[in-house]
Amino acid sequence: MTKADIVDVISSSTGITKVETEAVVNGFMDTVIDAMKRGEHIELRGFGSFKVVKRAQRVARNPKTNEEVIVPEQHVPVLKMSKDFKEQVNQSHD
């Protein structure tokens, strides 16, 4: 499912135009990205939580040359799904 598909589903179920729905979806995504850039934690109850995690520097290996490569420390966004979300998905696939 793409962002356009999500916009179509929300638009048809709410009666809001696709242009307005796309603006809301884009606004939501921009808000999440901006908050995570500031290092903020975002929690959407029943869905999941977004946070930024610091990954330490590590040594990896280039599979082609078998040469060791240093992967620098980095901050990565993480989405942890809620327990309710996981249960609903699991039940739908039984």
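Entry 1: I then followed R61 across to its bridge partner in β4, which is E68. Between the strands of this hairpin there are six residues, and N66 takes a positive phi near 65°.

**Entry 2: provenance.** I remind myself that this is a predicted model, in which local features need pLDDT of at least 70 and side-chain atom pairs count only at pLDDT 80 or more, while totals for chains, interfaces and linings use all residues. Residues are numbered from 1 along each chain as its sequence is written, and side-chain values use heavy atoms, with hydrogens and water left out.

**Entry 3: the sheet.** I traced an open sheet of three strands in the order β1-β2-β5, with antiparallel pairing. Its edge strands, each pairing on one side only, are β1 (42-44) and β5 (74-81). From one strand to the next the twist averages 25°, taken between axes that are lines fitted to C-alpha atoms, with angles running from 0 to 180 degrees between N-to-C directions. Within this sheet, I checked β1 against strand β2 (residues 48-55) and found three bridges in the antiparallel sense; F50 in β2 is the bridge partner of I42.

**Entry 4: helix α1 and the element order.** I read the elements from the N terminus on as α-α-β-β-β-β-β-α, which comes to three helices and five strands. Helix α1 (residues 3-14) has twelve residues and reaches 16 Å from its first C-alpha to its last, close to the 16 Å expected at 1.5 Å a residue, the expected span being 1.5 Å times one less than the number of residues. Just after α1, I found G15 with a positive phi of about 85°.

**Entry 5: overall dimensions.** The C-alpha trace spans about 55 × 35 × 30 Å along its principal axes. Buried residues (under 20% relative accessible area, 1.4 Å probe, protein chains only) make up 15% of the 94 residues.

Terms used
Two strands pair if DSSP finds at least two bridges between them. Helices (H or I, at least four residues) and strands (E, at least two) are DSSP runs, numbered from the N terminus. Buried means under 20% relative accessible area, exposed over 50%, partly exposed in between (1.4 Å probe, protein chains only).
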